[in-house]
Amino acid sequence: MFSLSALLISIGAITALTVILAVILVVADAFIANYGECKITVNGKKELTVKGGRTLLSTLMEEEIFVPSACGGRGSCGLCKLKVESGAGQYLPTELPWISKEEQAGNVRLSCQVKVKNDMSIRIPEELFSVKQYSTRVESIKDLTHDIKEVKFRLLSPDTIEYKAGQFVQILTPEYKLSDESVFRAYSMSSVPSEKNVIELEVRLVPEGICTTWVHQYLKEGDKVTINGPYGDFHLRDTGRDIICIAGGSGNAPIKSILLDMAENGNKRNVSYFYGAQAIKDLVLPDEMAAISEKLPNYKYIPVLSNPDPDDDWNGETGWVTDAVARHMNTGDNVEAYLCGSPGMIDACIKVLTEQGVPEELIFYDKFA
Amino acid sequence: MNGELLPAAVFFGAIFTGNILLSNYLGMCSFLSVSKEIKTSTGLGAAVIFVMAVTSLLNWIVYHYLLIPLNLEYLRFIVFIVVIAAFVQLVEMIIERVSEGLYAALGIFLPLITVNCAILGVSLFMVIRDYSLVNSFFFGLGSGIGWFLAIIAMAGIRKKISGAKIPAGLEGPGITLIIAGMMALAFMGFSGMINIT
């Protein structure tokens with residue numbers, strides 16, 4: 001039998017219980033988890049006064065110091081490392097997978113796991129201070145291949161960016177159907193640093209990737225997007241050595257930026273660029289990448305197809321990109337190498353290059369996490 | 001008949017004959033994902049023991065002094081979940097405040113088990129089996145210890161097989177589930193020794 005009073009009692013009881021528990025938690029949050037104001041000393045000179053209780057990463061972000069993080073603070077990318085000289089307490093199990101023995105000795109911490117609970121003293125690389133947050137507008141979205149899109153952002157405020165060719169930025173993916181929180185994801189810029197008011201990215205669709213799905217299926221021209229950067233130490237070293245670039249997938253982006261930058265600066269170094277793909281349909285901007293040779297005299301573009309389609313009519317290099325690299329190299333060449341692609345590809349390339357006598361400190365790479 | 005069960009019987013029964021993980025297959029997801037290393041398994045296992053023991057006690061009190069008098073037994077699922085979640089939150093805050101070492105060893109795992117089904121399972125079994133307050137506490141404690149033993153055993157086995165050649169399709173959760181199944185078979189050897197249902 002339906003009874004109104006029973007219904008009311010049940011609603012009242014469960015509401016009362018939840019309210020009591022919520023009040024307990026709110027009170028506890030205000031007293032137990034209240035760490036008051038904390039001072040963070042940055043690089044021994046700058047002093048920040050912040051509200052304690054949150055992670056170091058998000059606290060610094062609030063203070064407009066943007067530490068790179070590809071996973072958005074979940075402790076799964078290991079990028080947001082910082083030196084914390086005092087005030088961080090002991091290592092947490094969630095940090096240890098990312099911190100080597102040597103780093104532990106140097107007090108390197110994962111800033112997304114360390115919480116600000118008292119005064120701290122930290123060291124941040126100076127270049128991070130040049131990292132800024134930009135509001136941008138999507139100017140164009142273009143299909144480069146069946147699963148890679150080129151997205152161009154016009155900077156609104158601030159309206160210019162300074163960076164080195166090869167560096168990356170993070171874009172803020174807002175809440176949408178697939179994600180109930182906004183997250184930052186990192187992408188290399190494919191634009192030239194001299195074009196100071198645009199940022200161009202190449203984004204490959206990852207099945208179920210939060211940010212890539214958003215870029216591919218939801219982002220429209222004219223949309224406003226928040227970006228911060230630049231980050232990373234993947235950039236051309238100023239030496240006289242010959243250069244080997246190897247990339248796969250959207251790893252084309254930073255290499256394109258580096259090559260265009262070299263062309264603008266009239267760089268005379270020898271460059272070979274190996275780009276590994278399955279078939280012709282997977283090549284990113286093949287004509288444009290080949291045409292760079294008009295402006296960069298000692299440049300060779302060598303696309304390598306691992307599995308060309310029967311009707312591809314391909315007479316270039318075939319097989320694995322690493323084998324093609326080995327065929328084109330002589331042992332003992334005075335080269336340095338720049339790699340960008342999946343971790344598997346990078347590891348295979350490092351193996352081939354060291355076998356050819358390239359010292360590991362001359363192999364620079366950008367692994368997709 | 002449950003009034004006659006001795007707390008000690010419930011305690012040992014919950015650890016061995018009716019191991020919540022291996023006989024009911026509850027609490028699987030953290031069992032599969034965290035059992036890679038013995039050290040982290042120990043931390044998580046200890047957190048489970050603590051939370052199970054205390055929440056079974058809390059939920060017994062809520063059930064018998066709030067839900068039964070108001071004839072609201074059917075709300076127990078949602079009420080138990082809310083009590084467990086609030087308790088875990090509170091404990092995490094306190095641990096983080098008072099002991100850094102304890103937080104690093106145990107507190108960090110607490111959010112993982114807020115929604116662990118084994119924890120809710122213990123509270124629900126205690127209602128179905130009509131345990132007394134004391135028996136509920138020992139049932140929670142025993143179930144926690146049983147879960148702890150199971151995950152330590154699994155972490156040990158996974159360490160042993162880390163060098164073994166496993167067919168590609170079975171790596172990770174696949175082989176872990178098969179091992180869990182075999183462990184469950186082994187634990188079935190205890191069945192019938194003590195009946196706590």
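Two residues are in contact if their C-beta atoms, placed from the backbone, lie within 7 Å. This is a predicted model. In it, several elements of chain A cover the buried residues of H8(A). They include helix H7 (321–328) and the strands S12 (242–248), S13 (271–277), S16 (335–341) and S17 (363–367).

The buried residues of H8(A) are Met345(A), Ile346(A), Ala348(A), Cys349(A) and Leu353(A). They cover an arc of only 165° around the axis, so they sit on the same side of H8(A). The face turned away from that buried side carries exposed residues: Pro343(A), Gly344(A), Lys351(A) and Glu355(A).

The length of H8(A) also checks out. Helix H8 runs over residues 343–355 of chain A, 13 residues in total. At 1.5 Å a residue it should span 18 Å. Its end C-alpha atoms are 18 Å apart, which agrees. Just after H8(A) comes Gly357(A), with a positive phi of about 90°.

## The six-stranded sheet

Chain A holds an open sheet of 6 strands with antiparallel pairing. The strand order is S9-S8-S11-S6-S7-S10. Strands S9 (183–188) and S10 (198–204) of chain A stand at the edges. Each has a single partner strand, so one side of each is left without a neighbour in the sheet. From one strand to the next, the twist averages 40°.

Inside the order, strand S6 (residues 132–143) and strand S11 (residues 224–231) of chain A pair in the antiparallel sense over 6 bridges. Tyr134(A) has Ile227(A) in S11(A) as its bridge partner. Helix H4 (residues 210–217) of chain A packs on the sheet. It touches strands S7 (148–157), S8 (168–173), S9 and S10 of chain A. The direction of H4 makes about 80° with that of S8(A).

## Glu103 in helix H3

Where does Glu103(A) lie? Its place is helix H3 (residues 101–105) of chain A. Glu103(A) has 15 C-beta neighbours inside 10 Å, so it counts as partly exposed. A residue is buried only at 20 or more such neighbours, and exposed at 12 or fewer.

Lys83(A) is 20 residues apart from Glu103(A) along the chain. The C-alpha atoms of the two are separated by 8.9 Å.

## Contact between chains A and B

The contact takes 19 residues from chain A and 20 residues from chain B.

Note on methods: Residues numbered from 1 in each chain as written. Chains lettered and ligands numbered in written order. Predicted model: local features only at pLDDT ≥ 70, side-chain atom pairs only at ≥ 80, totals over all residues. Helix = DSSP H or I, 4+ residues; strand = E, 2+ residues; numbered from the N terminus. Expected span 1.5 Å × (residues − 1). Arc of directions from axis to C-beta. Pairing = 2+ DSSP bridges. Axes fitted to C-alpha atoms, helices over the stretch in contact; angles between N-to-C directions.
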